[in-house]
Amino acid sequence: MGETAAANNHHYHHRHGHQVFDVSVPQQPAFKCFDDDGRLKRTGTVWTASAHIITAVIGSGVLSLAWAIAQLGWIAGPAVMLLFSLVTLYSSALLSDCYRTGDAVSGKRNYTYMDAVRSILGGFKFKICGLIQYLNLFGIAIGYTIAASISMMAIKRSNCFHKSGGKDPCHMSSNSYMIIFGVTEILLSQVPDFDQIWWISIVAAVMSFTYSAIGLALGIVQVAANGVFKGSLTGISIGTVTQTQKIWRTFQALGDIAFAYSYSVVLIEIQDTVRSPPAESTTMKKATKISIAVTTIFYMLCGSMGYAAFGDAAPGNLLTGFGFYNPFWLLDIANAAIVVHLIGAYQVFSQPIFAFVEKSVSERFPDNDLFTKELQIKIPGFRSPYKTNVFRVVFRCCFVVLTTVVSMLMPFFNDVVGILGALGFWPLTVYFPVEMYIKQRKVERWSTRWVCLQMLSFACLVISVVAGVGSIAGVMLDLKVYKPFQSTY
């Protein structure tokens, strides 16, 4: 996911109108210090861009892949994963050509995905894109609250289970853990420019590789202990689930896999860190190939080993499936890594919403002190006072409280991930990149290329709709047996 790449955005500064120059740069000839847009020279390479994409893609989505493959089986599971990786690869190539409007070498730069949509497609589509993107970010904040609470609870249950020697089933509610996560996020959301803190990207990368690698290793060990590869060619068998459930779960699995690949929204921001020459789009296409190859291999391994280890019983969150086996401390480390990763990731995804709402409100009511007056609060131990305003504090607190309450109302990790994957996949990964490419390259209507691009877009729309319907049906089925605010595990 885009949790870490977004931390590299320059656009937050761009939106707030102050340039990100370091005034102390020695006065060299302008072209040595600055790029054609007057910003400090970008230094990113194929390798830094690949690293950003890999850390953006490999997020909590990897945990639901074993479950997704279990619904589809040994043939369709890996095939669907490969298909999504190819579609993402192709649409990313189209999108990287939209970093500059007009000429690929000297055209006007677009700093964010939204900038590209605005400058190439215009007003109405820009508003629709904004709505979908912010809805998606809001949903991700909910998904992360659920995932973090499940991991915190898994640590607590594992320790409780070992203390009682396996006699106590250790059932507990996830609500208190969601509240702990919410309180942490309320505090962090008050830190200005939190998503700009440089080390967040590194911490997120280390944490996501830690828990993914532990999940993979435990899957391999479990397969070795079983002595057989579990699972079947067609996925979960009728009998374990009903015919209807099998259909809904198959659809939902598509959404889960789509979510695991959804990073297009931050692609242009990553491209904005790349140096030129060569043209940024050339570097980015190479970086996309490397990073999608790495993540697809990693996903195949994690998903396949999880399915081979558990068969039809593959859990929605891979790390909860190993139960409370030894070495339980290793599972605790993996779950702690997830929590640390998601605490930072939540902020990186929420900050664009905060920035957008606060900017809109201050432009709408420029003379209202409630929205614009900066308050300075002296904090003991800090030299410079903390600056904030009333609206920022209230809005950010309300946002976190809302995501926490919604998470408590429907704490179903898989279903929420499926809905998010479905909501973001077609419009953000396929539709807008295709439309921008057609407009930018002036592809003629009804030409072979135009027809092929529209067929790709339509096929992905069908997949998105089907995945969305399956995930919503999953939520409905879960809600039949679930009482709000009383979830126990």
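Ser291 is located in helix 11, which spans residues 280-310; helices here are DSSP runs of H or I with at least four residues, numbered from the N terminus. The model is a predicted one, in which local features need pLDDT of at least 70 and side-chain atom pairs count only at pLDDT 80 or more, while totals for chains, interfaces and linings use all residues. Residues are numbered from 1 along each chain as its sequence is written, and side-chain values use heavy atoms, with hydrogens and water left out.

With a relative accessible area of 0%, Ser291 is buried (under 20% relative accessible area, with exposed over 50% and partly exposed in between, for a 1.4 Å probe and protein chains only). Ser291 touches Ser50, Ile53 and Ile54, residues up to four places away in sequence not being counted; contact means heavy atoms within 4.5 Å.

Helix 11 also packs against helix 10 (residues 264-271): the two axes come within 10 Å and cross at roughly 130 degrees. Axes are lines fitted to C-alpha atoms, for helices over the stretch in contact, with angles from 0 to 180 degrees between N-to-C directions. Helix 10 is therefore oblique to helix 11, given that angles under 35 degrees count as roughly parallel, over 145 as roughly antiparallel, 65 to 115 as roughly perpendicular and the rest as oblique. Leu267, Ile270 and Gln271 of helix 10 meet Glu280, Ser281 and Met284 of helix 11 in this contact.

The structure contains 17 aromatic pairs. Rings of Phe, Tyr and Trp (its six-membered ring) pair if their centres lie within 6.5 Å, and planes under 30 degrees apart count as stacked, over 60 as edge-to-face and the rest as tilted. The pair of Trp74 and Tyr307 is tilted, because the ring centres are 5.0 Å apart and the planes stand at 40 degrees. Since Trp74 belongs to helix 4 (residues 65-96) and Tyr307 to helix 11, this pair ties together parts that are 233 residues apart in sequence. Trp74 is partly exposed, at 23% relative accessible area, whereas Tyr307 is buried, at 0%.

A further pair, Phe354 and Phe395, is edge-to-face, because the ring centres lie 6.0 Å apart with the planes at 85 degrees. The pair links distant parts of the chain, with Phe354 in helix 12 (residues 328-364) and Phe395 in helix 14 (residues 390-409), 41 residues apart. Phe354 is buried with a relative accessible area of 0%, and Phe395 is buried with 18%. Ring pairs join Phe354 and Phe395 with Phe138, Phe391 and Phe399 in a cluster.

Methods. Helix = DSSP H or I, 4+ residues; strand = E, 2+ residues; numbered from the N terminus.
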